[in-house]
Amino acid sequence: MDLMEKNLELVEIQKLEGHTDRVWSVAWNPVSSQADGVSPILASCSGDNTVRIWEQSSLSRSWTCKTVLEETHTRTVRSCAWSPSGQLLATASFDGTTGIWKNYGSEFDCISTLEGHENEVKSVSWNASGSHLATCSRDKSVWIWEVLEGNEYDCAAVLTGHTQDVKMVQWHPTMDVLFSCSYDNTIKVWWSEDDDGEYQCVQTLGESNNGHSSTVWSISFNAAGDKMVTCSDDLTLKIWGTDIARMQSGEDYAPWIHLCTLSGYHDRTIYSAHWSRDDIIASGAGDNAIRLFVDSKDDSVDGPSYNLLLKKNKAHENDVNSVQWSPGEGNRLLASASDDGMVKIWQLATKP
Amino acid sequence: MVTGLINENPIIYPKKERRLRTDSSTTDEFTPEPIDQLEIFDILNFGNCNPFVVDIKDPEHPNTLEDLRVVTEDSVEVDDENSYVRVTFTPTVEHCSMATVIGLCVRVKLLRSLPSRYKIDIRVAPGSHATEDALNKQLNDKERVAAALENPNLVEMVDECLPSEE
């Protein structure tokens, strides 16, 4: 499918109703969507203090809520993340804790609660191997947790450096490099040079190096891991790149460099950006719309540029807080979560 | 807690004469009437015609935000067609530490009164506060507002400033 044909549309497959407050975030189970014959599973979390697990029936293709994770978090569940094995779900809550839930197939049990942050936990992320977790909070800190035997989690590091609340943490898709973005307008990169777990802030991407001029809300990587997109309250998306081969060879830290800024497309805060496996960037914003961007493939001296592929107006009746592409190849499903209390499943399809 | 008032002698302004609302041109009762500037202003409770509606109070004083000219009719901008409201308020003193609470009260009142389709921006008047940019950023970060509204102490403080909902 040629993306630049511009005959694509985002078709609403189903509206998932059930949450009784705004939905903050969605996460696709990485395993379920890849294997043939396994039904796709999606988790959503909300201001109603619950997490809902949605599953698509292999027969009817329709989505239903399989289970509700409740009575553990006492405040908003701000974000959730599946472990790479798809067996564990981590949930970050405004109650100051991070829950670890084990997937027993038909039911989920909270097997561990990570305590330590002084106040609201806003985001949680697993590294590529599933050996470590990162969390961040309004207390301005980023914590790294080591996964031990017997459902034990040890705090391996408390990273300080952000001067305001930290909105999101995201591990690099292949290497143990951690990224965090904040209300202080910066993105920080944390890395352990000697592989000894002594994580240091090795780079701060701020306004002085073409960074954002307001709160940075989210971070996402392309499949190769050599590009990153960030989105902000400054109404722009920014694309960053690095020499991934240099880092993978173990030489030394390869810094991230600003490649381009996508401005003029959004007029309210951009809360979420997500890079698909086939290189489409989706954004969800405070104007109720979902937008898709692709590399224009124009080789210019100024570096890469990205074009708006399509804009779905009124994707939701209120702010779009999260957009996530399904991890499976080819099917191009997008999930979105909104202040209107809905989760929606979309398919990127060719117009008839 | 605050000992002593931040602004001990605020200026109390007389209430402005209410302009009459223009009659709607349509007579069809099923046509929704657009929400206008005066209506938002009245939602923020500067209406003195309804004895059951108590105005939003200044957190420090028994006066309303209108009495203190913290919010005036002109500081409300509304675009009903695009479901957008912006309220610009003027704290009584430049270092008013209650400005965050006032802003939160205005937001909560509008959240409770307006249809959910509305986008609401709250800001302090340019030059009216020492930490203007920081205040504007905080008042419009919906995650921080959501977290604040889960804090029982803050909600109690906001509720004390807002008229009862009955």
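**Figure 1. The hairpin of β15(A) and β16(A) in the predicted model.** Four residues lie between the two strands of this hairpin, and Asn185(A) adopts a positive phi near 75°. The strands β15(A) and β16(A), the latter spanning residues 187-191 of chain A, run antiparallel and are joined by five bridges. Across this pairing, Leu178(A) is found opposite Trp190(A) of β16(A).

**Figure 2. The hairpin of β14(A) and β15(A).** Val169(A) faces Ser180(A), a residue of β15(A), across the pair.

**Figure 3. Burial of strand β15 of chain A.** Strand β15 comprises residues 177-182 of chain A and is mostly covered, with six of its six residues buried.

**Figure 4. The open four-stranded sheet of chain A.** The strands are arranged in the order β6-β7-β8-β9, with antiparallel pairing. Its edges are formed by β6 (77-82) and β9 (108-114) of chain A, each of which pairs on one side only. From one strand to the next, the twist averages 25°.

**Figure 5. Pairing of β7 with β8 in chain A.** Strand β7 covers residues 88-93 and strand β8 covers residues 98-103 of chain A; the two run antiparallel and are joined by five bridges. Leu88(A) has Lys102(A) in β8(A) as its bridge partner. Both strands belong to the open sheet in the order β6-β7-β8-β9.

**Figure 6. Confidence of the prediction in chain B and in the complex.** The average pLDDT of chain B is 76, and 69% of the residues score at least 70. Over residues 46-54 of chain B the pLDDT falls below 50; in the model, this stretch makes 13 contacts beyond near neighbours in sequence. For the complex, the predictor reports an ipTM of 0.93 and a pTM of 0.90.

Note on methods:
Residues numbered from 1 in each chain as written. Chains lettered and ligands numbered in written order. Predicted model: local features only at pLDDT ≥ 70, side-chain atom pairs only at ≥ 80, totals over all residues. Heavy atoms only, no water. pLDDT = per-residue confidence, 0-100. Contact = heavy atoms within 4.5 Å. Buried < 20%, exposed > 50% of the residue type's maximum accessible area, 1.4 Å probe, protein only. Pairing = 2+ DSSP bridges. Axes fitted to C-alpha atoms, helices over the stretch in contact; angles between N-to-C directions.
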